[in-house]
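Hello,

Here is the structure we talked about. Please open it and keep it beside you as you read the notes below.

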Amino acid sequence: MPALTMFRLLLTSALLLVASGCATAPGPAPVVAAGQEAEKPVAAEAPERAFPEDSIYPLLVAEFALRRSAYDTALGNYLEQADRLRDPGVSAHATHLAQFMKREPQALQAVQLWVELEPEHPEANNTLATLLIRQGRPAAAVPHLATVARQGLQPNFPILLGGFRELSGADKQALSDAVDALADEFADDTRLLLTRALILDELERAAAASAVLTQLFALEPGQTQALLLDAKLRLQADHPAPFARLETALAAEPQNKTLRLQYARLLTRSDIDAARRQFEILSAQSPRDGDLLLSLALLNQDHGDTLAAKAYLRQVLALEQRVDEANYYLGRIAEDENRPDEAIAAYSRVEDPESREFFNARGRVGKMLIERGDSSGSAEFFDLQRQAYPELREQLYALESELLAQAQLLDANMALLNQAVAELPDASSLRYSRAMLGERLNDLALMESDLRHILKLNPDNATALNALGYTLSNRTTRYDEAYELIARALKLAPNEPAFLDSMGWVLFHQGKAEEALDYLQRAWESLPDPEVAAHLGEVLWYLGEEQKAYGIWRDGLRQDPEHGVLRETLERLDVSFSDLRP
């Protein structure tokens with residue numbers, strides 16, 4: 001039988017069932033909180049409720065689409081019918097499906113209708129609160145968490161602080177006010193009290209935060225987050241016994257590993273010996289925990305006990321946990337102890353390209369070889385690395401080039417970059433490095449060629465636009481062309497200090513000193529850098545503001561007394577360094 005005919009028979013049978021009084025409506029699924037994955041939606045059981053005839057077909061299409069994993073079709077139909085039917089079951093199912101698909105705008109649309117239809121439903125309110133928090137609207141989420149609490153449940157009030165530091169000052173205060181408004185109604189809710197204390201701490205109201213914690217401890221003396229916040233506040237206040245409550249809680253629950261671990265981490269800020277003792281206790285409780293052993297190794301290394309550090313690192317290796325980190329730190333210890341061959345061997349055993357130690361280890365090897373005069377050995381090492389990790393050729397070329405630049409081996413660096421660009425002609429990072437080296441070696445044609453190649457690949461590469469524009473304004477008289485390039489860069493990143501500096505500098509060369517001053521002052525406010533100081537000071541000097549120029553130059557020299565651009569500016573303008581003394 002053709003598939004279309006079979007579908008029509010199934011659809012006809014379903015319509016007959018609906019006509020007799022039973023409709024298939026999606027049923028609810030568990031709420032998906034922040035950080036959880038939604039389960040794959042399934043076709044719902046049929047509640048005894050009739051829908052309008054013109055809604056039957058779209059709902060059936062949605063059900064069939066769901067069974068066949070055609071989720072976009074299913075979601076579109078459920079959202080449309082949820083709005084039309086205003087049925088809580090359909091709204092709930094649309095919410096769950098949108099969450100499963102990670103379509104938060106649609107999930108928010110569906111759950112807002114669900115809450116409108118069932119204002120007291122705890123799952124609907126909890127879901128809406130979670131989505132509002134993700135949108136950066138925690139104050140709007142507070143009433144919905146309160147509704148959940150009124151059902152006798154325990155909402156996770158502390159999730160309100162997700163993204164708190166990115167909120168505006170007004171939004172932070174609005175959240176604080178909304179939480180405070182619940183204080184009397186939920187006076188015994190320790191999660192709400194913790195949330196109030198955390199918010200007050202973020203608002204730098206330490207005394208008020210401590211007062212709220214006192215209320216919380218009267219209800220729940222061992223609340224872990226509250227104990228940690230209390231210790232933090234006491235440390236900030238230079239309290240003579242900042243860890244008193246923490247230590248009392250640990251004495252009562254010596255096996256509480258979470259609390260002890262946090263205690264140990266806090267101790268690393270003030271008492272390394274005490275921190276080490278806590279990590280030793282934790283390690284004795286969990287002898288096969290590589291994370292704890294690694295922490296112990298690093299604490300002992302910082303404390304100067306490299307013998308103990310190496311012993312712990314070898315235990316980590318024996319457990320086959322955190323292998324790359326253990327080898328990397330064994331390499332660092334060997335390097336510090338002036339055993340370069342042993343260090344290189346340890347660094348070379350860092351093999352996972354995804355680990356953060358991978359490039360660090362290779363950089364250490366290259367640097368050690370170059371520093372002992374074996375630049376050919378470094379080149380051979382990096383050649384072998386590119387053969388072993390061909391997918392990382394660009395990054396490995398860039399790392400080797402950076403090491404040669406640091407060692408002032410400019411000719412070797414240019415030879416390497418020529419090889420790299422020949423092998424990877426469209427690698428923008430390598431082209432850019434060669435362009436900057438070309439400018440340094442006065443090969444402006446190479447510099448311009450490489451930057452224009454980057455811009456051909458990506459006309460909106462703001463960094464390349466600015467670099468080319470700045471160099472043209474600084475090293476040639478092609479000021480109008482430079483202005484257009486820098487203007488394009490600024491349009492892409494209007495507040496980038498380096499771009500503002502470039503624009504000020506080219507305007508100055510065009511004879512527009514007053515206009516240049518505005519850009520350079522904005523650049524200096526965002527980036528008080530010696531090169532910006534050189535440019536801003538020169539414009540002020542030109543405008544007759546000599547004392548202001550002296551002040552700016554003086555600030556630049558404090559940062560770097562040997563800065564090349566700044567010193568060249570002062571010498572060119574015949575400014576005596578004695579004039580810059582306070």
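Start with two tyrosines. Y328 and Y329 are both buried. Please bear in mind that this is a predicted model.

Aromatic rings first. The structure contains 12 aromatic pairs. Y328 and Y329 make one of them: the ring centres lie 5.3 Å apart and the planes meet at 80°, so this pair is edge-to-face. Y347 joins in as well, as ring pairs link Y328, Y329 and Y347 into a cluster.

W541 and Y550 form another aromatic pair, and this one is tilted. Their centres are 6.1 Å apart, with 55° between the planes. How accessible are the two partners? W541 has 24% relative accessibility, so it counts as partly exposed. Y550 is buried, at a relative accessible area of 10%. The cut-off for buried is under 20%.

Next, arginines over rings. The charged end of R362 sits over the ring of F358, 3.8 Å from the ring centre. R386 places its charged end over the ring of Y397, also 3.8 Å from the centre.

Last, a helix pair. Helix α11 covers residues 224–236 and helix α12 covers residues 244–252. They pack at an angle of about 150°, and their axes are 8 Å apart. Which residues make the contact? From α11 they are L227, L228, D230, A231 and R234; from α12 they are A244, R245, L246 and A249. By class, that contact has six nonpolar and three charged residues, and no polar ones.

Best wishes

Terms used
Residues are numbered from 1 along each chain as its sequence is written. This is a predicted model: local features need pLDDT of at least 70, side-chain atom pairs count only at pLDDT 80 or more; totals for chains, interfaces and linings use all residues. Side-chain values use heavy atoms; hydrogens and water are left out. Axes are lines fitted to C-alpha atoms, for helices over the stretch in contact, and angles run from 0 to 180 degrees between N-to-C directions. Helices (H or I, at least four residues) and strands (E, at least two) are DSSP runs, numbered from the N terminus. Contact means heavy atoms within 4.5 Å. Ala, Val, Leu, Ile, Met, Phe, Trp, Tyr, Cys and Pro count as nonpolar, Asp, Glu, Lys and Arg as charged, and the others, Gly among them, as polar. Rings of Phe, Tyr and Trp (its six-membered ring) pair if their centres lie within 6.5 Å; planes under 30 degrees apart count as stacked, over 60 as edge-to-face and the rest as tilted. Buried means under 20% relative accessible area, exposed over 50%, partly exposed in between (1.4 Å probe, protein chains only). A charge sits over a ring if NZ of Lys or CZ of Arg is within 6 Å of the ring centre and within 35 degrees of the ring normal.
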